[in-house]
Every structure is written in structure tokens, then in C-alpha cells.
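Trainee: Could you take me through the aromatic side chains here, slowly and in one go? I'd like a close look at how the rings pair up.

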Amino acid sequence: MPELPEVENVARALQRNLAGRRCTGLRVRFAGVLSQSPRATRSALLGKRLEDVHRHGKYLILNFRDEAGSPAHLMLHLRMTGQLINLTDYHLDRHVHLVFDFDGLPVYYRDIRKFGRFTLVEDGRRPAALAHIGPDMLEISFREWGARVAARRAALKAVLLDQGVAAGLGNIYADEALFRARVHPEAVPAELDRATLQRVLRSAKGVLRLAIRHGGTTLVNFTDFNGRPGNFRRKLRVYGRTGEPCRACGTPLGRTVVGGRSTHFCPSCQRR
DNA sequence: AAGATTACCTGAAGGC
DNA sequence: TGCCTTCAGGTAATCT
């Protein structure tokens, strides 16, 4: 599932492979992934050059500009199963909803569950549509994060997943961050001391940076012609390892539900 | 007002 | 084999 590290890798691949190219075509096979009409989306993008790609949390914003200096900003969220694919010999299947053309280079949007969304916005950095989203998890300072979290009484994991507090952490990396910080997912932020909260934020940033370096956990790859998946899966210490021994202490890992999400943890390393 | 629940979708996996 | 249920999880909308 695309979380911050996967989205960051998509952003870098888009930047590397498409920046400087003009959007010269957009075929819409399923209009449900567009917030605006296909006609409006095409008219905003066609003929404009991709200048840069900005990421905020799990959102991407593609910034375009035409020769006359007129801009366009396309925001997208891959949600659960969205993929951007940049293979020249790609074989279309029924899950490919958009086909962009960048000066002859095809870019496919594939999304099995159709949760992803492309939205034209009016600003390339902080559009109004993201006003309720907090600072990016990799950029937020402890001063700010700590202040936002200090009074919360919901389970810590639920607060980590709350994109209004800080944006980018999803279910997989929330579990990994809590394990690395040795804090129980149901701990109450308001009851934790400063050092523990600092450890949680540091662990969250650490696991995100590590996953970015390993290409993420999803299979989105722009440069690679065989669509090689990210290889962070091997590095996961708790997610999806229920019943298997903790890599730190050997205790069988537990699974519970926090904030409606499946939650993996070590009952011995992560005490309440 | 924060916290909890549901809707949105499809495919995989498990039970019978 | 095939039908049915459950689960997966990001976000917005809707409830309490």
C-alpha cells in the first residue's frame, strides 16, 4: 500500500523521467478517478510542461506550466491500490483508468480498487484541499508535533495515523515505528513523558527514511522495465508477522485492532 | 469536539 | 467446484 515512502519514490521517479516533458495526451477509461470532468482535466493539462513534483504526506502535486506562463496543478492520491506505471511495453488491463502521454512517453494510472483521485487544484504547494492535513511527517519538528499530540487521549497509533496531526504515516509504518520506539500502540499520548514521545517521532521519521532508501514496500517503479517491487518488505519487524518470533526478544508477536485497523506488536517489548 | 463507524471498491483467502 | 463471508487499509462523510 502506498504510504509516504512509496509516494516519495513515485515523486522522484516522476521528477526524473517526466520533468521538462509536455503533457500531450490524456485518455480517460474510467472518469471516476477524476474529480473534474475529463474535458476540464484535459483542457487544463494539455500542452503544458511538467515543471516539478511536490509531495505532501501521501499526496502528490504535479506542477505544470505552458509557454505563456499559465500554470496548472494536478493533485493526486494513490489511496490503497493506485499505481503509476511508465513502461513502454505495458499491456493494458481492465484496471488501467488513465493513459497520459508525455511527448510520446506513455504513463498509465492503474488502480484495482478505484479509490485513488486526481484533482485539479489552484496551488502547487498547499492547496485549500489540503488545509486540514498537518505538516509532512518527515518535516515536522518535535516542538510542533509534541504540542499537537500532548493533550490527545486516543490510542497513540490512532494519533499517528491521524493525517491532521502529521501527514504520511499509514498502517504499516505506524506499527513499525511503535515497535522501534518500544511503545504500546494503545498508549495514551497525554500520559506519556516527553522522552517517550520524542522517541516515537524519531522512530517514525527513521523508519520512513529507511523505507525510502529501500524503495518502499509497494510495487511502483518508474525506471525499471520489469516493474520490480520495493524491497522494504523484508525489513518489516512486526507488520504481517503475527505469531512469528519478535526479532528482538523471540516472543510471539501479537495482533489486535486499534482505531479499526489491524495492529501488530510485541507484547514483551511494547508494554503499556 | 474528539473519537468511532461506515462507505467507497475489488481481489484474495478461508469455510463449507 | 462454487458460493458465501471476511479481510485488506486511506480518506471523507456521518454518527455519537
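Mentor: Let's start with the term itself: rings of Phe, Tyr and Trp (its six-membered ring) pair if their centres lie within 6.5 Å, and the planes count as stacked when under 30 degrees apart, edge-to-face when over 60 and tilted for the rest. Ring pairs of this kind link F64, F100, F102, Y109 and F118 into a cluster. Keep in mind that this is a predicted model, where local features need pLDDT of at least 70, side-chain atom pairs count only at pLDDT 80 or more, and totals for chains, interfaces and linings use all residues. Residues are numbered from 1 along each chain as its sequence is written, chains are lettered from A and ligands numbered from 1 in the order written, and side-chain values use heavy atoms, without hydrogens and water.

Searching the whole structure turns up 7 aromatic pairs. One of them is Y90 with Y108, tilted, at 4.9 Å centre to centre and 40° between the planes. Y90 sits in the loop between β5 (82–85) and β6 (96–102), while Y108 belongs to strand β7 (residues 105–111), so this pair ties together parts 18 residues apart in sequence. (Strands are DSSP runs of E, at least two residues; helices are runs of H or I, at least four; both are numbered from the N terminus.) Y90 and Y108 are both buried, meaning under 20% relative accessible area, with exposed being over 50% and partly exposed in between (1.4 Å probe, protein chains only).

Now for F142 and W145, another tilted pair, with 6.4 Å centre to centre and 45° between the planes. These two are 3 residues apart in helix α3 (residues 142–149), so about one helical turn separates F142 from W145. F142 is buried at 17% relative accessible area, and W145 is buried too, at 2%.
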